[in-house]
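Please consult the sequence and the structure shown here.

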Amino acid sequence: MKAVVAWSSGKDSAYALHVARENGEVEIVGALTTLTEPFERVSMHGVREALLDRQMAEADLTCTKVRIPSPCSNEIYDARMAAAMETLKAEGVTHVIFGDLFLEDIRAYREERLTPLGVTSLFPLWQRDTTELAREMVSSGVRAIVTCVDPRVLPASFAGRVVDAAFLADLPEGVDPCGENGEFHTVVVEGPMFRHPIEVERGEVVERGGFVFADVIPTANTP
């Protein structure tokens with residue numbers, strides 16, 4: 001059985017890839033990512049396409065990039081994702097791996113879109129305790145940097161921080177340690193899913209569309 005991982009560039013999708021590889025139930029042949037066309041960045045996470053490409057090289061995956069406009073209607077999104085999945089299915093893909101943790105409506109949405117295509121959704125991190133899971137990610141060697149913060153629930157100062165023990169300890173009460181409710185998004189630059197760490201430098205922090213984004217730039221000396 002061949003699978004692709006729905007790759008957000010962040011820690012949950014990256015760790016789902018790692019766990020799925022450890023489980024060995026499917027052959028993971030690629031990744032599926034949405035990029036916002038005007039910015040050439042991973043949607044919502046704000047990660048540069050160049051950094052996405054470095055992630056794919058270190059994870060030894062081929063990436064199917066679904067480019068969407070900004071703003072993007074549900075109809076356009078669904079149509080472009082369906083077209084991408086039809087292509088992947090023709091190439092023998094039977095499963096998609098997601099890093100979702102506990103949001104039932106998101107899981108139902110994924111399954112409703114894929115089941116009619118004859119593609120099965122896999123959720124290797126589903127209903128894991130997110131406090132324990134976040135600590136496990138950190139202890140496993142995952143190095144994730146916060147690229148996007150919702151300032152309504154988390155101070156803007158968290159943008160650009162590394163998700164480590166200190167970060168988890170500093171999270172305000174009510175904020176999910178994995179950011180599953182959209183409190184923050186990340187980019188992974190090191191971990192057991194990669195062959196080598198990705199060297200990066202911090203760029204500017206900007207506010208756009210009600211969110212605070214921290215730019216993370218792959219350095220020129222990254223192999």
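The model is predicted, with local features needing pLDDT of at least 70, side-chain atom pairs counting only at pLDDT 80 or more, and totals for chains, interfaces and linings using all residues. Residues are numbered from 1 along each chain as its sequence is written, and side-chain values use heavy atoms, leaving out hydrogens and water.

The protein contains 6 helices and 10 strands, which are DSSP runs (helices H or I, at least four residues; strands E, at least two) numbered from the N terminus. Further values for the whole protein are tabulated below.

| Property | Value |
|---|---|
| C-alpha box along the principal axes | roughly 45 × 40 × 35 Å |
| Distance between mean positions of the 21 positive and 35 negative charges | 4 Å |

Lys and Arg count as positive and Asp and Glu as negative, without His and the chain ends; each charge is placed at NZ of Lys, CZ of Arg, CG of Asp or CD of Glu.

Helix α1 covers residues 11-23, and its 13 residues reach 18 Å from first to last C-alpha, close to the 18 Å expected at 1.5 Å a residue; the expected span is 1.5 Å times one less than the number of residues. Because 10 of these 13 residues are buried, α1 is largely enclosed by the rest of the structure. Among the buried residues are K11, D12, Y15 and H18. Just after α1, G24 adopts a positive phi of about 70°.

Methods:
Buried < 20%, exposed > 50% of the residue type's maximum accessible area, 1.4 Å probe, protein only.
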